[in-house]
Amino acid sequence: MAKSKYESHVAPFLDKIAQWAEQGASQAEIAKKLKVAVSTFKLYLAKGEKGEEPYTDLSDCFRRACEVPDDNVEAALYKSSIGYNAQVAKNFKVKEV
């Protein structure tokens, strides 16, 4: 019996998927790297969220990995909303006469 696309193109790369998601890659970018259709990748994630056995590893891995960039964006938005200021040192040339 032939392996499914999930078993051959997705399951062996769960660690890579987590790494790409932590770096902020979208579902479409990850699907392209895995050489599967975006709709197929989204289907696998949806099946995993519903609890279908072979796909739960993918959905758990993807969800945990996406928390990192989401937390970074949340922290940046919070800092921006409370008026976070950073001092920036600038160098100037001074002409002596």
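What pattern does the protein chain follow when read along the sequence? The pattern is α-α-α-α-α. The model is a predicted one, in which local features need pLDDT of at least 70 and side-chain atom pairs count only at pLDDT 80 or more, whereas totals for chains, interfaces and linings use all residues. Residues are numbered from 1 along each chain as its sequence is written, and side-chain values use heavy atoms, with hydrogens and water left out.

**Figure 1. Overall fold of the protein chain.** The protein chain holds five helices and zero strands; helices (H or I, at least four residues) and strands (E, at least two) are DSSP runs, numbered from the N terminus. With a radius of gyration of 21 Å, well over the 13 Å that the globule rule gives for 97 residues, the protein chain is more spread out than a compact globule. This radius is taken over C-alpha atoms, and the globule rule is 2.2 Å times the number of residues to the power 0.38. Along the principal axes, the C-alpha atoms fill a box of roughly 85 × 30 × 20 Å. Buried residues (under 20% relative accessible area; exposed means over 50%, partly exposed in between; 1.4 Å probe, protein chains only) account for 26% of the 97 residues.

**Figure 2. Helix α4 and its buried face.** Helix α4 comprises 13 residues (residues 38–50), which at 1.5 Å a residue should span 18 Å; the end C-alpha atoms are 18 Å apart, in agreement. The expected span is 1.5 Å times one less than the number of residues in the helix. Phe 41, Tyr 44, Leu 45 and Gly 48 are the buried residues of α4. Viewed down the helix axis, the buried residues of α4 fall within an arc of 95 degrees, so they line one face; the arc is that of the directions from the helix axis to the C-beta atoms. These buried residues pack against α1 (5–10), α2 (14–22), α3 (27–34) and α5 (53–81). On the other side of α4, the exposed residues are Ser 39, Glu 49 and Lys 50.

Figure 3. Rings of Phe, Tyr and Trp (its six-membered ring) pair if their centres lie within 6.5 Å; planes under 30 degrees apart count as stacked, over 60 as edge-to-face and the rest as tilted. The count by this rule is four aromatic pairs. In one of them, the ring centres of Phe 41 and Phe 62 are 5.9 Å apart and the planes stand at 80 degrees, so the pair is edge-to-face. Phe 41 belongs to helix α4 and Phe 62 to helix α5, so this pair ties together parts 21 residues apart in sequence. Phe 41 is buried at a relative accessible area of 0%, and Phe 62 is buried at 9%. Tyr 44 and Tyr 55 form a stacked pair, 5.3 Å centre to centre with 15 degrees between the planes. This pair links Tyr 44 in helix α4 to Tyr 55 in helix α5, eleven residues apart. Tyr 6, Tyr 44 and Tyr 55 form one aromatic cluster.

Figure 4. Lys 35, in the loop between α3 and α4, has a phi near 65 degrees, a positive value in a residue other than glycine. Lys 35 is exposed, at 65% relative accessibility. Just after α4, Gly 51 has a positive phi of about 100 degrees. Thr 56 of helix α5 is buried at 16% relative accessibility. Leaving aside neighbours within four places in sequence, Thr 56 is in contact with Gly 48 and Gly 51, contact meaning heavy atoms within 4.5 Å.
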